[in-house]
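Please describe the fold of this protein, covering helix packing, nonpolar cores and backbone geometry. The report below takes these topics in turn.

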Amino acid sequence: MLRLLYTIFLIFLFQNFASAVFSTTGCGTTKGCQLFPEGCDPASTSCIFFSWTWNSASRTFDMEISGDTGGGSRYAAVAFGQVDDMQDADLYFCTGSSIQSGVIVTRRAQPTLLDIATEPGVNGTSAATNSGLAECTFARAASITKTITTGPKDFDLSTGTYYILLARGPMAGTTGNVGFHDAFAITANQVNMITASGSATGGADILEKVHGSLMIVAWMVLANVGAMIARHFKPLWVNTNPGGEKLWFQLHRLIMITVFLCTTTAFIIIFVHVGGYASTIPAHAIIGIIVMALTLINPILAIFRPHPNTSKRYLFNIFHYLIGLCARCLAIANLFQGAIAMDELSSWKLGVLGGFVGFEVLMELCLEALTWHYGHYSNSGKSKEKEDPPPGEMQMEEPDGQTVKTSLLVFFILGLCGFAIAFFVDIANA
């Protein structure tokens, strides 16, 4: 009987302690802790957990880090730097099978790897996987010297204050190095590692947020509205011609100029901020360059467009439409890439983007159907477009379908703004 009870007790211990993950117990009292997202459960694969304890006798920091292992194909990383950016930082990353050391020299570039087995100042390393998590522990000497952009630097965590950087992402194939992170965080302030002060915050840089916000305004809202007005509202609003020009044309021109300004500003901001071409996120960078080029080409074509009554006008109409359509499609695709580059593509964010695309397609199909039904295509035999009346004569009769299409346009704009606001909230919290 006693043997049976003893066996049950051992099974209980194994089930409850062998599966235990790193704990937040003691955070803020006996040890310092950082979690991203803030307040997340260390047992969750969506959580990056890092803790440290200062050992004054040995002058070492006992460190723990955990995160999603992805079956060994992903890493969780922590780095220490004195600028709030991914550069010139002392790096350690855990894959579940090993803990590795390196130094981040240049932002958005792979770090320089070091052999942790022979690196002075790092010992007591261990790595394991537990319930889908990579868990690593190691002891780091208070002072370690690594080479950064300005030469050798003493990363003495016991005397200075440092930003703590957390990240997770895929490993870069079989190179043993880390790939570009899909989630990261940087403490809001420099942290005193001895007193364990400081707090984690979302890691998207403010300039990256401005870049993303401008692109959302340009390509989630304005470009789609401007394109819809040009395609479906030319024969409408016939009695509203401020300045002697059709209202649809003035709206289209104003909106697309704003798209050009937002896109150009966002492109310059990120180009200067990154310091050129972002080679670590090539898909987003290449698509962005193509969109910028198309955004520049289309207004140049518009400036030199043939007169509406000339035989070459149809060529301009075709190219102007196709270039604009390509730019819109590529820009929308790049919103997905940008979401991944700024943070992980969560199910909520994927739902917002998917909902936006679905809403956009539905509204375009509805407007296409109404335009065909009411004969509003300029080249259709059913078109009811009329010439403007001479000065002093009675106003023209408004075309059929103007009210319903205008109402649908307002609904379309409000819907796009709703999706944009949802994305702004996500960017603000990134």
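## Packing of α2 against α7

In this predicted model, α2 and α7 are roughly antiparallel to each other, a description used for angles over 145 degrees, where under 35 counts as roughly parallel, 65 to 115 as roughly perpendicular and the rest as oblique. The two helices pack at an angle of about 170 degrees, with their axes 10 Å apart; axes are lines fitted to C-alpha atoms, for helices over the stretch in contact, and angles run from 0 to 180 degrees between N-to-C directions.

On the α2 side, the contact (heavy atoms within 4.5 Å) includes Ile-216, Met-220, Asn-224 and Ile-229, while the α7 side includes Leu-409, Phe-412, Phe-423 and Ile-427. By residue class, the contact of α2 with α7 divides into 18 nonpolar, four polar and two charged residues, where Ala, Val, Leu, Ile, Met, Phe, Trp, Tyr, Cys and Pro count as nonpolar, Asp, Glu, Lys and Arg as charged, and the others, Gly among them, as polar.

## Packing of α2 against α3

Helix α2 (residues 206–232) also packs with helix α3 (residues 247–274), at an angle of about 160 degrees and with the axes 8 Å apart. The pair α2 and α3 is therefore roughly antiparallel. The residues of the contact of α2 with α3 comprise 23 nonpolar, seven polar and one charged.

## Nonpolar cores

The largest nonpolar core has 44 residues, of which Trp-219, Met-220, Ile-229, Phe-412 and Phe-423 touch the most other members. Such a core is a set of buried Ala, Val, Leu, Ile, Met, Phe, Trp, Tyr and Cys residues joined through side-chain atoms within 4.5 Å. Two or more residues each come from α2, α3, α4 (282–303), α5 (313–342), α6 (347–373) and α7 (402–428), and α2 gives the most, with 13 residues.

A second, separate core of 32 residues includes Ile-65, Tyr-92, Cys-136 and Tyr-162.

## Chain overview and backbone details

The protein chain comes to seven helices and 15 strands, taken as DSSP runs (helices H or I of at least four residues, strands E of at least two) numbered from the N terminus. Of its 430 residues, 45% count as buried, which is to say under 20% relative accessible area, with exposed over 50% and partly exposed in between (1.4 Å probe, protein chains only). Among contacts with a separation of 6 or more, 61% join residues 24 or more positions apart.

A cis peptide bond, with omega about 0 degrees, joins Phe-36 and Pro-37, and Pro-37 is placed in the loop between β1 (32–36) and β2 (48–55). Arg-59, in the loop between β2 and β3 (60–68), has a positive phi near 55 degrees and is partly exposed, at a relative accessible area of 43%. Asp-88, in the loop between β4 (74–81) and β5 (89–94), has a positive phi near 50 degrees, but counts as buried at 15% relative accessibility.

## Basis of the values

Residues are numbered from 1 along each chain as its sequence is written, and side-chain values use heavy atoms, with hydrogens and water left out. Local features need pLDDT of at least 70 and side-chain atom pairs count only at pLDDT 80 or more, while totals for chains, interfaces and linings use all residues.
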